[in-house]
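Hi everyone, thanks for coming. Let me put the structure up, and then we can walk through a few spots together.

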Amino acid sequence: MKRYFVGFLTRGLLFAWSGPAILAIVYLILGSKGIVHSLSPEKVALGILTSTLLAFIAAGCSVVYKIEALPLLHATMLHALALYLDYILIYLLNGWLMAQLGPILIFTVLYAVGYALIWLVIFSFTKARVRRINQKLQSGV
């Protein structure tokens, strides 16, 4: 268990830098749409801290795929749920998502579709790579 906790922390720290980068993109989009004209220091600080936390948790959650005793379906579901909760809580806390049923449902559907598409692409590439490696091993190359 300690190894997975260390893995979570390591992965999180490696990718926590992306939080402020994501925040800058979000603020640029909000600014281009005329939604945000100026930000208070408190809003900027909250955005930086929470987006860094979001990136830390999102990267750290991938450690579930290193737990060999966990079936792939369970690891995927656990990863998807942890990321969903991470994103929705941070988005609600920052006011990037309205705390109303409609926007939350739209976010949930878009998240599920996006997660599934990304997962399927990664799974397909990995499966093809494993197939090529197995063919090389069988042919003795």
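Let's begin with the side chain of Thr-50, which reaches the backbone oxygen of Gly-47 at 3.4 Å. That falls under polar contacts, meaning a pair of N or O atoms within 3.5 Å; within protein, one must be able to donate a hydrogen and the other to accept it, and residues adjacent in sequence count only if both atoms are side-chain atoms.

A quick word on the ground rules. This is a predicted model, where local features need pLDDT of at least 70 and side-chain atom pairs count only at pLDDT 80 or more, while totals for chains, interfaces and linings use all residues. Residues are numbered from 1 along each chain as its sequence is written, and side-chain values use heavy atoms, with hydrogens and water left out.

Back to Thr-50, which sits in helix H3. Helices here are DSSP runs of H or I with at least four residues, numbered from the N terminus. Is Thr-50 buried or exposed? Thr-50 counts as buried because its relative accessibility is 7%; buried means under 20% relative accessible area, exposed over 50%, and partly exposed in between, with a 1.4 Å probe and protein chains only. Leaving aside residues up to four places away in sequence, Thr-50 touches Ile-90, Leu-93 and Asn-94, where contact means heavy atoms within 4.5 Å.

Now to Tyr-65, in the loop between H3 and helix H4, residues 72-94. Tyr-65 has 33% relative accessibility, so it counts as partly exposed. Which residues does Tyr-65 touch, not counting those up to four places away in sequence? They are Leu-72, Ala-75, Thr-76, His-79, Tyr-115 and Trp-119. With Tyr-115 there is also a side-chain to side-chain polar contact of 3.2 Å. As for Ile-118, 53 residues from Tyr-65 along the chain, the two C-alpha atoms are 15 Å apart.

Next, helix H2, covering residues 18-32. Its 15 residues reach 21 Å from first C-alpha to last, close to the 21 Å expected at 1.5 Å a residue; that expected span is 1.5 Å times one less than the number of residues. Buried in H2 are Ser-18, Gly-19, Leu-23, Val-26, Tyr-27 and Leu-30, and their cover includes H1 and helix H3, 41-60. After H2 comes Gly-34, with a positive phi near 75°.

Last stop: Val-6, in helix H1, residues 2-15. Val-6 counts as partly exposed because its relative accessibility is 41%.

That's my tour, so over to you!

Technical notes: Helices (H or I, at least four residues) and strands (E, at least two) are DSSP runs, numbered from the N terminus.
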